[in-house]
Protein chains: 2
Amino acid sequence: MTSSSQEILNKNSLFESEPALHDDVAGQIMQMFTSFNQVNSLEQQIDAITENISQVFLSTIDSNSNIDLDFLLEKFSDSQIPIHPTNVESYLQYISNNVVAHSIHTSSPRFIGHMTSALPSFVRPLAKLMTAMNQNAVKIETAKALSFCEREALAMLHRQIYSFSDGFYDQHIQNNLSTLGILVSGGTVANITALWCARNAALGPKDGFLGVEQEGLAAALDVYGYTGAVIIGSDLMHYSFDKAADLMGLGIHSLIRIPTDCHNRVNLQLLRQTVTECRQQNLLIIAIVGVAGTTDSGGVDALEEIAEIAQAANTHFHVDAAWSGPLIFSEKYRYKLAGIEKADSVTIDGHKQLYLPMGIGMVFFRDPYLASAIEKQASYTMRKGSFDLGKRALEGSRPGMALLLHAGLKLIGLKGYEFLINEGIRKTQYMAACIDAMPEFELLAEPDTNLLLYRYIPEHLREVVAKKQITKIDNQIINKFNESLQKTQRQIGNSFISRTIKKNLNSGNEFPVVAMRAVLANPLTTEADILAVLHDQIQIAAKITI
Amino acid sequence: MTSSSQEILNKNSLFESEPALHDDVAGQIMQMFTSFNQVNSLEQQIDAITENISQVFLSTIDSNSNIDLDFLLEKFSDSQIPIHPTNVESYLQYISNNVVAHSIHTSSPRFIGHMTSALPSFVRPLAKLMTAMNQNAVKIETAKALSFCEREALAMLHRQIYSFSDGFYDQHIQNNLSTLGILVSGGTVANITALWCARNAALGPKDGFLGVEQEGLAAALDVYGYTGAVIIGSDLMHYSFDKAADLMGLGIHSLIRIPTDCHNRVNLQLLRQTVTECRQQNLLIIAIVGVAGTTDSGGVDALEEIAEIAQAANTHFHVDAAWSGPLIFSEKYRYKLAGIEKADSVTIDGHKQLYLPMGIGMVFFRDPYLASAIEKQASYTMRKGSFDLGKRALEGSRPGMALLLHAGLKLIGLKGYEFLINEGIRKTQYMAACIDAMPEFELLAEPDTNLLLYRYIPEHLREVVAKKQITKIDNQIINKFNESLQKTQRQIGNSFISRTIKKNLNSGNEFPVVAMRAVLANPLTTEADILAVLHDQIQIAAKITI
């Protein structure tokens, strides 16, 4: 070292002094950043308060408070950032009274209307650890071990889906040229990523043409001699496919939605016919989509048959198993997903039936090199040949959710997930049997997995419903009644069932039906809870006059 | 209630019994889900362990362990999900030894090479509370109060950017037709969303044509009479714009990257010329992008001038302020962002200079109705006219990160953020002065904000560098030396500086330069830390032989 640099290193301040900590704001802010390793630190004090808030929240049986939305609109109407730091204790009190108190008890055993659930107890401490680590999974330089941990977790699920050989996983699990899966924020980004890969792979570089990635969709279709490009699936495909078709420049009209049968499965004959027509019209079929767990009813497409159709048409086969993917853990029910192992790509959500917190979606690839079709680089990060996970991904910077995914797979294990899946289906069958036996309700379809559609029938219409003689007007009355019932139950907040609109039901009913939609995935939900929710509906219905 | 349904309600089990809890797996899993409200519960035990792990991690000064990547590849090579649940304690030990120990200390005061930092102490407890609440921000039915809290937080930042009137915010802050901003997982999704809105708004429904959203890009350009569509910005635009151009079907060739000057700002004359040429060629300019904080050097484009160019061309003006957006909090430095208030959309990352954890990006809109161009609905959720936040968003289900954003704005406040921003810039100037005074280093450019580019000069080349007489070969030697220096420092792990490749530097050097890239945003970093990092480099350099 030279003497001049030594001089600088010895001198502790060059031309401006360190901030004066007696300054009020500076002192407060620096305390916020330095308190973590002190006894009775600010963080420990906050932690004690938020722990109390969490315990109250998690112990509540009601699904939500009965506050009116109008009150909430008023409560959150201040667009001014405070000039000075707010007192932490009073802010936590405010959050407790205004946000937490009126949030949804997604873990409540009587909140059985959406795809949220109670979470296992390791999730909260690990989420805090993940936040303490604050890794950025985009690249090795900000997520060293976690990058490899993430690849391992994704390989575990890939193996569960595809069951390739030991040799395959040895080769690809930590190979920087391979992508067995991508961890994303949720199923929507997973579906979009899958279709993006499929499109770019179908329209890659060729004879001097640099591919759709570089030259765009119109030029690519032109070079390849297609008249257009489509995505084909059932009319129960998730709305993320609309987003994908829009975003990717295809237009939603290019998303062909084939009618489903009364079991919520795509009509295979119509699918075959559509594929033939598209090929006759020289349209590129970017992908055929199979749905494994429709959002509105949990129906699973005939994946084996769709795989055959896709293979015959030499087309990418994507399975949206965001919801039902974890059925692969159940020896008893995994037959429902037969054919998923033939999919070129598969979406599974961690924050649904892997019982992990919100913000974990995944897409898996049969061909470990497919995702190269979307690879990007940047000189300040994500270098070619590196292990940087952000090279092949829609998202850039993202949190270390892999820690939770890895923990879920290890701590719950195959048998644990099997138990959770089987339990959900068992309770759904129980609820279906209850509804079937109760004159107040009409079961709209036998449940395929753990979603259940039914409706309440006002007393004066029960006879015509039983005889399958309802008119369009009867149906409208019942629809209006159920909409009102669902909204009232939601507003009161003791329990919760969602609602959807179904056409094409196997109940001799040709009209669109407003259906109650139960989702049974919460391990805390008991048979008594199910009865209590139905009981709530009967009591509320008695007071509805339409 | 009818007697038959009463009978069912009284009976506690219909046809299959509740799971037998003495079953090993079932018992273990149920314990995981029910332990939260017990004294000395499983969760509390896990919490105590993870707290210890966190404290050790957060107290470490070193930037990372010196483990070789090859060891990590081996450590994470097991693709088998265990059959039975793993013992929690041994798993936490495993995570501590294998993942946490070899993760990056992004909060270390000597990790000054990437856009991560220490986080304020309220973040970790609130992240745990957020996980306990597990809201799904996609819709009111799974995020009641939090949806309004999110809108409020976004309005606060919108106001900070645009400074519209009280009346404007009264009208829009909680208006279900308005979108002041969208909370997303990160800046990449924010940028893509902004361009998606711009494209769809520019090519909306017209004369019976249903718009690009429905009919696709090729048809839309045709109907509107454009020969193509482009996005224009500087050559320092983030690589998320490549992703956007690719994903949206434009192709990366349609992303026009205009050269920057030696201050990392887009050359305005070339920009004007390009805009004129595009218009002459009848190309739709979907957006002109201004960068506020380039990823490689922190440079800020001349936003006022770009705003004028965009306005004259009647084109969407997007500002990617993912990094430098929070300069708006600083009275001293907000002049650097002058013109941002004229942007049609602005990206800001919460997980960068708002000191929030990974997973918080935002896009803001000048026109509260612009995001209607991407609105989607679904019958089981996200109904028209509702307050469901997922209606206008790329993502679907997503976590309640708004809780952390709201807390950051309230608990840190304007003055707190101002302090943090000013401190980062002050320390950067200090580091620049150190480097300037040390013969071992060459300062490559005066820092614009709080990113700093410099390089080490091997002793035998210092004289030619000082005289600005270096040859291409000299430069190659220096580049190789710096690459080796950066990699060695990273591997040893006491401290960390990233590296990038710069062309067009204002140092009389016409060759591409491998630059050391310091990012100074961590409040824990002292002047002594800065000197220690430079000292590390000098010591490592003494042992490098190239």
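Predicted model: local features only at pLDDT ≥ 70, side-chain atom pairs only at ≥ 80, totals over all residues.
At 17% relative accessibility, Asp448(A) counts as buried, because buried residues lie under 20%.

**Pairs within a chain**

Asp448(A) takes part in a salt bridge with Arg265(A), in which the closest N and O atoms are 3.9 Å apart. The two residues are 183 residues apart and so link distant parts of the chain: Asp448(A) lies in the loop between strand E8 (441–443) and strand E9 (451–456) of chain A, while Arg265(A) lies in the loop between strand E3 (255–258) and helix H13 (268–280) of chain A. Arg265(A) is partly exposed, since its relative accessible area is 29%, a value between the limits of 20% and 50%.

Asp448(A) also meets the side chain of Lys336(A) in a salt bridge, with 3.2 Å from N to O. Here too the pair links distant parts of the chain, as the residues are 112 residues apart. Lys336(A) is placed in the loop between strand E5 (316–320) and strand E6 (345–349) of chain A, and Asp448(A) in the loop between E8 and E9. Is this pair buried or exposed? Both Lys336(A) and Asp448(A) are buried.

Chain B provides another example, in which the side chains of Lys415(B) and Glu331(B) form a salt bridge with an N to O distance of 3.7 Å. Lys415(B) lies in helix H15 of chain B, and Glu331(B) in the loop between strand E5 (316–320) and strand E6 (345–349) of chain B; the partners are 84 residues apart and link distant parts of the chain. Lys415(B) is partly exposed, with a relative accessible area of 27%. Glu331(B), by contrast, counts as exposed because its relative accessibility of 67% is over 50%.

| Residue | Partner | N to O distance |
|---|---|---|
| Asp448(A) | Arg265(A) | 3.9 Å |
| Lys336(A) | Asp448(A) | 3.2 Å |
| Lys415(B) | Glu331(B) | 3.7 Å |
| Glu141(A) | Arg490(B) | 2.6 Å |

Over all chains, the structure holds 51 salt bridges.

**Between the chains**

How many salt bridges are found across the interface of chain B and chain A? The rule finds 11 there. One of the pairs between the chains is formed by the side chains of Glu141(A) and Arg490(B). A network of salt bridges also links Arg199(A), Glu213(A) and Lys376(A) with Asp246(B). Helix H15 (residues 402–437) of chain B supplies 20 residues, the largest share of the side of chain B that touches chain A. By class, this side comprises 101 nonpolar, 64 polar and 38 charged residues.

The contact takes 203 residues from each of chain B and chain A. Together the chains bury about 17,400 Å² between them, with 65% of it on carbon and sulfur atoms.

**Symmetry of the two copies**

Chain B is superposed on chain A by a rotation of 180 degrees with 0.0 Å of shift along its axis, at an RMSD of 0.0 Å. The two copies are therefore related as by a two-fold rotation axis. The same surface serves both copies, as 100% of the contact residues of chain B recur in chain A. Which residue of chain B comes closest to the rotation axis? Met248(B) does, with its C-alpha at 2.1 Å.

Terms used:
Residues numbered from 1 in each chain as written. Chains lettered and ligands numbered in written order. Heavy atoms only, no water. Least-squares fit on C-alpha atoms with pLDDT ≥ 70 in both. Contact = heavy atoms within 4.5 Å. Buried area = accessible area lost by both parts, 1.4 Å probe. Salt bridge = Lys/Arg side-chain N within 4 Å of Asp/Glu carboxyl O. Helix = DSSP H or I, 4+ residues; strand = E, 2+ residues; numbered from the N terminus. Nonpolar A, V, L, I, M, F, W, Y, C, P; charged D, E, K, R; others polar. Buried < 20%, exposed > 50% of the residue type's maximum accessible area, 1.4 Å probe, protein only.
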